Each structure stands twice: as C-alpha cells, then as structure tokens.
Amino acid sequence: MSEQIISAKGLTKRYGGKTAVENLTLNVEKGRVLGMLGANGAGKSTFFRMIVGLVQPDDGHLEVLGKEPGWRTNAEIAYLPDRARWYGDYTTKQSIEWGARFLPGFDSEEAARLRDIMRLPMDLKAGEMSKGQEARLMLILCMARRVPLVILDEPFSGIDGSSREHIMDVLIDALSEKQQTLLISTHEIYEAEGLFDRVVFLDQGRVALSGDAESLRGQYGSIDALSRKLYREGEK
C-alpha cells in the first residue's frame, strides 16, 4: 500500500455563517502531484491552511505526514501561500542566506541553481522587483527545501508569461529529482495541468469532482476543458 502523506476525513471549516470547507474526504499518496481546482472562494486556500495548522477544522479528522498538523509537521512542509510577499529590503542573495539559516531542509546549492534558472540578479531587492520577479524569488525559497511536502497556492497569479515559464521549468525539474509530494492550486490550468497526477475540483467547499488526471484527460480532452465545462454548467 502506498504511503499516505495527507489523510482527511469529513473535514469541515466554517467562518461564522459561511462554510468554507464541507465534509471533505481526501487521501494524497506520497510522490503524487494533486491539482486543487475551483473558483475563488471554493475552499482551496482554507484546506491548505488546515494542512499547515494555520486554521483548525470545526469537524472531521486530518493527518499530515502521519501526525496532527502543527509545529511537528511544519518543518517538513514548504508552503507558498496565495498573495505572499517578501521583505522589501532583502536582496536575492540575502533572501537565500536567510533561507539557509531559518528554513528546515533548505539546500543553498539548489537555491543557487534555481536562481540561475529564474534569472534573478543577486543584488536586486525584493521591493524593487516586478511582481513576477518577486514570485520567482518566493518560489526559489520554497522549492529549495528538501522536504516531503510542497504546497503552492496560486503560484502563477498575476504574473507575466515569462515568469510563468520559469516557474514551470523549476517545478518540472524539481519534481523529477526530489520525489516530493506537491499540492498546487491554480487558475492557470492550461499551463499547469501537465504536472497533475490527480485533480480535485471544489465548489463552495464541497468536492464537485475528483479523479485520476490521465483518465479525466482521456474523457474530456484536457483538465482545462473539464474545468470550463464544470464551471459553465455551475453558472446556469
């Protein structure tokens, strides 16, 4: 039996009168790439925050790396949240040095290699970077960690096509070598769907559809086409 990196059963989270995640049951196997897809407000970010212990579920059970989420698991998770920003006064070089000092499992040589791929000047400050450059820097700090689980929440959001290409190059290269488990949420499905082993579509906190990515591609032509079909029908 494959090792389960994440096991969620009946997971529910409410904010006041709004249910962000409802009765979510999901297992993620080691070494898999899971696409968490859906419209804004579908519950993807809330699920990710529960995995890293930033949000506590109201109901259900969640295990991450065989433990309850919290400080014991976070050293083994590289998490890039949606709309993440970096310290404006830090240069690329200082940021990588910071990662080496404070981030568990950080590989400085890997960070330097990723920096070359991302084409970020070492003396450029984050506060002077374009949004795409800052996104590349954040991804370097995340993907340079030798940890079993990586979570990327909208890593392509609002950035230029060139930066997206660099990010995809890093993800493909890293996943082929590190045997990491990756959870990724993105609206840029057309560009990212080649990474997915499995997809879960959320709608208003509930699972609308899930399955093996290759099987769904065979049935619908692409994950992007399936997404457009699901959410077009949901608007009717």
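A residue is called buried here when its relative accessible area is under 20%, exposed when that area is over 50%, and partly exposed in between, with a 1.4 Å probe and protein chains only. By that rule leucine 80 is buried, with a relative accessible area of 8%.

The structure is a predicted model, in which local features need a pLDDT of at least 70 and side-chain atom pairs count only at pLDDT 80 or more, whereas totals for chains, interfaces and linings use all residues. Residues are numbered from 1 along each chain as its sequence is written, and side-chain values use heavy atoms, with hydrogens and water left out.

## The sheet and its helices

Helices (H or I, at least four residues) and strands (E, at least two) are DSSP runs numbered from the N terminus, and two strands are said to pair if DSSP finds at least two bridges between them. Strands of a sheet pair through backbone hydrogen bonds, either parallel or antiparallel. Six strands form an open sheet in the order β5-β6-β7-β3-β8-β9, and the pairing is mixed. Its edge strands, each of which pairs on one side only, are β5 (77-80) and β9 (206-212). On average, neighbouring strands of this sheet are turned by 15° against each other, direction ignored; for such angles, axes are lines fitted to C-alpha atoms, for helices over the stretch in contact, and the values run from 0 to 180 degrees between N-to-C directions.

Within the sheet, strand β6 (residues 149-153) pairs with strand β7 (residues 181-185) in the parallel sense over five bridges, and isoleucine 151 stands opposite leucine 183 in β7. Helix α5 lies across β5 and β6 and runs at about 170° to β5. Helix α8 (residues 213-220) also packs on the sheet, where it touches β8 (198-203) and β9, and its direction makes about 95° with that of β9.

Helix α5 (residues 131-143) has 13 residues, which at 1.5 Å a residue should span 18 Å, and its end C-alpha atoms are 18 Å apart, which agrees; the expected span is 1.5 Å times one less than the number of residues. Because eleven of the 13 residues of α5 are buried, the helix is largely enclosed by the rest of the structure. Among these buried residues are Met138, Leu139 and Cys142.

Contact means heavy atoms within 4.5 Å. Leucine 80 is found in strand β5 and, when residues up to four places away in sequence are not counted, touches Met138, Leu139, Cys142, Ile151, Leu152, Asp153 and Pro155. From C-alpha to C-alpha, leucine 80 and isoleucine 151 are 6.1 Å apart in space, although 71 residues separate them in sequence.

Threonine 181 has its place in strand β7 and is buried, with a relative accessible area of 0%. Leaving aside neighbours within four places in sequence, threonine 181 is in contact with Ile5, Val28, Glu29, Lys30, Gly31, Arg32, Pro148, Leu149 and Val150.

## Aromatic rings

Rings of Phe, Tyr and Trp (its six-membered ring) pair if their centres lie within 6.5 Å, and planes under 30 degrees apart count as stacked, over 60 as edge-to-face and the rest as tilted.

| Ring pair | Centre distance | Plane angle | Class |
|---|---|---|---|
| Tryptophan 86 and tyrosine 90 | 6.3 Å | 85° | edge-to-face |
| Tryptophan 98 and phenylalanine 102 | 5.6 Å | 45° | tilted |

Tryptophan 86 is buried at a relative accessible area of 15%, while tyrosine 90 is partly exposed at 27%. Tryptophan 98, also buried, has a relative accessible area of 17%; because tryptophan 98 and phenylalanine 102 are four residues apart in helix α3 (residues 92-102), about one helical turn separates them. Ring pairs link Trp86, Tyr87, Tyr90, Trp98 and Phe102 into a cluster.

Tyrosine 15 has lysine 13 over its face, at 5.4 Å from the ring centre, where a charge sits over a ring if NZ of Lys or CZ of Arg is within 6 Å of the ring centre and within 35 degrees of the ring normal.

## Positive phi values

Asparagine 23, although not a glycine, has a positive phi of about 55°; it lies in strand β2 (residues 18-29) and counts as exposed at 54% relative accessibility. Leucine 65 likewise has a positive phi, near 55°, in a residue other than glycine. Leucine 65 is placed in the loop between β4 (59-64) and α2 (71-74) and is buried, with a relative accessible area of 16%.
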